[in-house]
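Here are a few friendly notes to read alongside the model. Take them one at a time, with the structure open beside you.

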Amino acid sequence: MNPDIKKEREQRTFDPKNITCQLFGKDVMNLRQIAYEKANADPEFKVAEKFSTMPRDEVYDQSVKLYTILAQKAKEYGYDKSENNAMTFFTQAALVSTTSPFNLHHSMFIPTILSQGTDEQIAEFLPQAQAYEIIGTYAQTELGHGTFLRGLETTATYDRAKEQFIIHTPSITSIKYWPGGLGKTSNYAVVMAQLIINGKKYGMHAFLCQLRDLSDHKPMPGVELGDINRKFGYDSSDNGFLRFSNYRIPRKNMLMKYAKVSADGEYHRDKIPQIAYLSMVLLRMLIVLGSGDDLAQAATIATRYSAVRRQTANSQGVEPQVLDYQTQQMKVFPAISSAYAIFFTGFTLRNIYQEILSSVEAGDTSRLAEIHCLTSSLKAYASDVACANIEVCRRSCGGHGYSHASGIPKIYLRCVPGCTYEGDNTVMYLQCARSLLKFLMKGQAGEKLPVMMRFLSDPLDVPPMLKSAQTFNFDLYTLAFKLNSLLLITDVAGRMQECIFSESMNEEQAWNMHSQGLVDAAKAYAMFLTSTIFVDILKRSDWEAKAKAAMAQVCEFYLVNNVLENSGSFLKNNVISSQQVDILIARRMELLKELRLNAVTLVDAFDYPDRLLNSCLGRYDGNVYEALYEYAKDSTLNQHQVHPSFHKYIKPMREALKAKL
């Protein structure tokens, strides 16, 4: 054990397990640890630790191999039937957080069948999917369109005579593009296509399409598909393209829980169209959780390394730990606090999603607009914040942060696509803003709003207790975030209305004229949500006292740091004064000192084993330099003491140049 990392843990004021338990719950915490230990002890999964040094074809091949082993062992352990994330934890540890080619099979294909299929369709297709007889993906995004669902061009034309749908790709821009697992792994897909009956379009619907023969895995006639080639990351995932040429599927393969086409071509919709978007809402919620997970891993690596690394001798000739420098603290402490904020927000959002999903299944669709607004804002905010802070964590590790040995590059590559897929973040902020404007109008009309939108009916005035505050408690912080969000939303709404009425703009022109203000308002709303949720989590009655005191410091740092980082809007809206900014700056400096004592323990509480981090810098024992040395020696270039390129190129060049002298 490195003496510096040992000292950090000896000076802690709380047991990290007490915070781990708040994150996951005691039962899940224990199950998570057992799942991690099983994966770590299994020699068959050892190869996953080397993925960052392998060619792409080998990474994909080994990912498929490991998942087939994993699936069988998960069944043996009972994880395949577990509803408490045991399978997720086991997969995460076994594949060292590498994205599985089977990821969308579990995260989108099966959930879409369950949420949009009839009882008969579920009975037919679910057992096959669970047994991997059919392996599916979710094909929505096209070359020409992604977030704009109504712009998707793939068609599903009903042929009444044969009781079939003709799935067709009418243009180059309508080729399905990007779905994970589509290139080589999947033999089925949920395909989002424009339903056409007797020449009339009925909008986007979901169709189960067989893509490959179930015996020899060759593409079906009328189906062209393959891998889209190298990407920024995700080497283990065979993101693919898909093109249909008048491909026929039986009528029963349209998912018909909420919309039906009868044998004679009669169309009937039971529920409102937005229900079809619940699959996307689910994935956006998962992105929030995944962003918190990714940021927590990066923060763990950067904090542990900062405690071990020493730099620049002081006046006594001693090199301090890098973590003692205030500038380093301002790199890693925002990452730690943001990771906790996103984690707690993600868990809360998951609970809300489950509530709303249950309501929808019972026939109540009244909260769909609410979950759309929440997931749009928080998906964008969480992935933005996570990616920005992960990069800061990488840079905080100096030159070693640039090496795959740090483990941070793979985390960044895994996290950054979340800013784009399932809705580009700018579009997500704008969709959130559009929802907020609708809720604002409803509130002004006296309608009762959902709990997390109810503040839109509150007064705009800044109360005296906030105006005169010399110290800030949690209630004042959350009040400031609420008012800033409310004022930004009402301000941009007012300016848009003024443009429409006084400058003869139409609504579309006014929207574009104020789109940046709308994005700013949506971001402020996301900050209000995360701040409120974080504070509410601390009000639980089951906190251990010392762990709660430490987490209160983390929470306050998150709040004060976000106010200061966005002080322009807080000052513009007169939510706080310039004198209060000075007070908050001083408080942030105090919090840096307070957090320093438990910094390593706070990241230990995330409870990531070394295997999962797969980082020389983030090792629990702090022996980073020994690990870096072994990592360097393991380079494939070191298989030859004299690399063949010397004799093939360098030596002949040298001799040729020498002959010319």
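1. A word to settle before we start: two residues are in contact when heavy atoms of theirs lie within 4.5 Å. Please also keep in mind that this is a predicted model.

2. Let's begin with helices α6 and α8. Which residues of α6 meet α8? On the α6 side they are Ser 107, Met 108, Pro 111, Thr 112, Ser 115 and Gln 116. Their partners in α8 are Ser 279, Met 280, Leu 282, Leu 283 and Leu 286. Sorted by class, this contact has six nonpolar and five polar residues, with no charged ones.

3. Now look at how these two helices are arranged. Helix α6 covers residues 103-116 and helix α8 covers residues 278-308; their axes are 10 Å apart, and the packing angle is about 135°. That angle makes α6 oblique to α8. The crossing of α6 past α8 is right-handed.

4. Next, turn to helix α9 (residues 326-361) and helix α17 (residues 545-565). Their axes come within 9 Å and cross at roughly 105°. Angles of 65 to 115 degrees count as roughly perpendicular, and α9 and α17 are therefore roughly perpendicular to each other. From α9, the contact includes Met 330, Phe 333, Tyr 340 and Phe 344, while α17 brings residues including Met 551, Val 554 and Phe 557.

5. What caps the N-terminal end of α14? Asn 473 does, with a side-chain oxygen 3.1 Å from the backbone nitrogen of Asp 475. Just after α14, Ser 504 has a positive phi of about 55°.

6. Finally, two loop residues to check on your screen. Tyr 234 has a positive phi, near 55°, although this residue is not a glycine; look for Tyr 234 in the loop between β7 (223-227) and β8 (240-244). Glu 422, also not a glycine, has a positive phi near 55°, and Glu 422 sits in the loop between α11 (408-415) and α12 (425-444).

How values were computed: Residues are numbered from 1 along each chain as its sequence is written. This is a predicted model: local features need pLDDT of at least 70, side-chain atom pairs count only at pLDDT 80 or more; totals for chains, interfaces and linings use all residues. Side-chain values use heavy atoms; hydrogens and water are left out. Axes are lines fitted to C-alpha atoms, for helices over the stretch in contact, and angles run from 0 to 180 degrees between N-to-C directions. Helices (H or I, at least four residues) and strands (E, at least two) are DSSP runs, numbered from the N terminus. Angles under 35 degrees count as roughly parallel, over 145 as roughly antiparallel, 65 to 115 as roughly perpendicular and the rest as oblique. A crossing is left-handed if the near helix is turned anticlockwise from the far one by less than a right angle, and right-handed if clockwise. Ala, Val, Leu, Ile, Met, Phe, Trp, Tyr, Cys and Pro count as nonpolar, Asp, Glu, Lys and Arg as charged, and the others, Gly among them, as polar. A polar contact is a pair of N or O atoms within 3.5 Å; within protein, one must be able to donate a hydrogen and the other to accept it, and residues adjacent in sequence count only if both atoms are side-chain atoms.
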